[in-house]
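Please keep the sequence and the structure in view while reading.

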Amino acid sequence: PSQAGQTFRGYVRFGTGASVQELKLLPIGPRQVVVRTEAAQLCYTTTTQGLGTTPVAQAVVPAHGGVGIVIEVGSTVERVQVGDRVIVAGQAQCGVCYNCLRGRADHCLMGGGGGRPNDPFAEMRDGTKVAGFRGGCSELMVTYEDYCVPVVTTVSPVELAMLHDVGMVGLAATMTKVKIEVGTDAVILGCGPLGLAAVQGARIQGAAQIIAVDPVRYRREVALKVGATVALDPNVEGNNLVAKIRQLCQSRTKALAGGGNTLPDYVLEAAGGDLFPPKVEVGPDPTGVLVLQQAWQLCSPVGNVVTTGVGHPPGTTISFPAGQWSNSSKTHHPGNVAGASSLRDLPRFVRLIEAGLFNAKALATSTYPLERTRDAFQAVADRTTVAAVVVFT
């Protein structure tokens, strides 16, 4: 039955602020799904939307997806049905667009609103229409079926919420398009929830050495807990960081016996720039450009560089030696969910939690009720928590 007219609460960004509002659900379209939200993890990239004070004309519920139970489906929806628990992913996978048909669902043309309109799904008491087609910061989400991945599991919603965005990207960065080989060295630059998921992906894949780098002490401690073999402070290492990692990656075999490499074959940048001044230890470069340069410098001549960071100041550029750029065999893999295909990968990532291989609890370091969504966004912006999850009871 139609849920149109149902009232619910949501955290709405509108005008020059954001607050929890009472909303009324509007009728859904034929490809849309209504989900009763159980939990939603707040990505660092959404903090400017959740905390911003610049005027916005379109009221919107922020967040990149969530976890919940389907309570209504549109007339042409086939992927899910009422009663399904679903992960509403941060990236669509329609399965039929140009990119999906070529094995690049991480760039699905329906993703990011590129192919689906961000039409209002609810209205406030004063009649103001509210958009947000995967906004998890409300008791009800309305999304398109392209974003829905049904899962059958007893894993808690808080743990599942670590997969709809950052966890999916971090695991994908080490296990999908770029697959870390057994016995190799991997370097993770940045130990937020995405980087810490990547640390675990590298461990699951069998990397012999996993070097985690982050200026924040508690995040380095979590990295060691979930699989890093070494955790370095870039503030302490300074200009010696690249040399220190090179030393740690010294080959155990002479060149004539198949060895000789002194740089890691897998480097993941998961730092980005500071969208807000952190309330914890500040890194060497708030713009995030230095980390991008180091990622390139660190990668072996035949290795893989994966970059996922955002928040670099507008107009910021980086440079590489022209010969290396044009003639080296390093391969750069830019972010955008790091090669993940949500329908393929999220169910198997859930199984990793069930098997005790992916520790989602270690990343979900704080939970908040809807009434404290602003506090949750602030904690993420301040970097005083690994990840904040808004929970609904």
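Isoleucine 211 has valine 230, in β13, as its bridge partner. This pair belongs to a parallel pairing of β12 and β13 that extends over three bridges. The model is predicted, and the points below are grouped by topic.

**Strand β12 and its partners**

- From β12 the chain passes through α5 to β13, and this β-α-β crossover is right-handed.
- β12 also runs parallel to β11, to which five bridges join it.
- Within that pairing, leucine 189 stands opposite valine 213 of β12.
- Five of the five residues of β12 are buried, so the strand is largely enclosed by the rest of the structure.
- Burial applies to both faces of β12: Gln209, Ile211 and Val213 lie on one side, while Ile210 and Ala212 lie on the other.

**Helix α7**

- Helix α7 spans residues 241–248, and its buried residues are Leu241, Val242 and Ile245.
- An α-helix has 3.6 residues a turn, so residues three or four places apart point the same way.
- The elements that cover the buried residues of α7 include the strands β11 (185–189), β12 (209–213) and β13 (230–232).
- The helices α6 (234–237) and α8 (289–298) are also among the elements that cover them.

**Helix α8**

- Eight of the ten residues of α8 are buried, so this helix is largely enclosed by the rest of the structure.
- Among the buried residues of α8 are Val289, Val291, Leu292, Trp296 and Leu298.
- Gln293, Gln294 and Ala295 of α8 are buried as well.
- The buried residues of α8 pack against the strands β11, β14 and β15 (304–307) and against the helices α7 and α9 (322–327).

**Nonpolar cores**

- The largest nonpolar core has 57 residues, and those with the most contacts inside it are Met162, Leu163, Leu196, Leu268, Leu346, Phe349 and Phe358.
- At least two residues of this core come from each of several elements, including α2 (157–161), α4 (193–205), α5 (217–226), β14 (266–269) and α10 (342–354).
- Helix α3 gives the most to this core, with seven residues.
- A second, separate core has 32 residues, and Leu23, Ile71, Val130 and Leu140 are among them.
- Beyond its neighbours within four places in sequence, phenylalanine 358 is in contact with Leu163, Leu171, Ala197, Gln200, Arg203, Leu352, Ile353 and Leu363.

**Cysteines**

- A disulfide is a covalent bond between the sulfur atoms of two cysteines.
- How many disulfides does the structure hold? The structure holds zero.
- The sulfur of cysteine 108 has its closest cysteine sulfur in cysteine 94, at 3.7 Å, which is too far for a bond.
- Cysteine 108 is buried, because its relative accessible area is 5%.
- Cysteine 191 is in no disulfide either, and the nearest cysteine sulfur, in cysteine 249, is 15 Å away.
- Cysteine 191 counts as buried because its relative accessibility is 0%.

Conventions:
Residues numbered from 1 in each chain as written. Predicted model: local features only at pLDDT ≥ 70, side-chain atom pairs only at ≥ 80, totals over all residues. Heavy atoms only, no water. Buried < 20%, exposed > 50% of the residue type's maximum accessible area, 1.4 Å probe, protein only. Helix = DSSP H or I, 4+ residues; strand = E, 2+ residues; numbered from the N terminus. Contact = heavy atoms within 4.5 Å. Core = buried A, V, L, I, M, F, W, Y, C linked by side-chain atoms within 4.5 Å. Disulfide = S-S within 2.5 Å. Pairing = 2+ DSSP bridges. Right-handed = clockwise from strand over helix to strand, strands pointing away.
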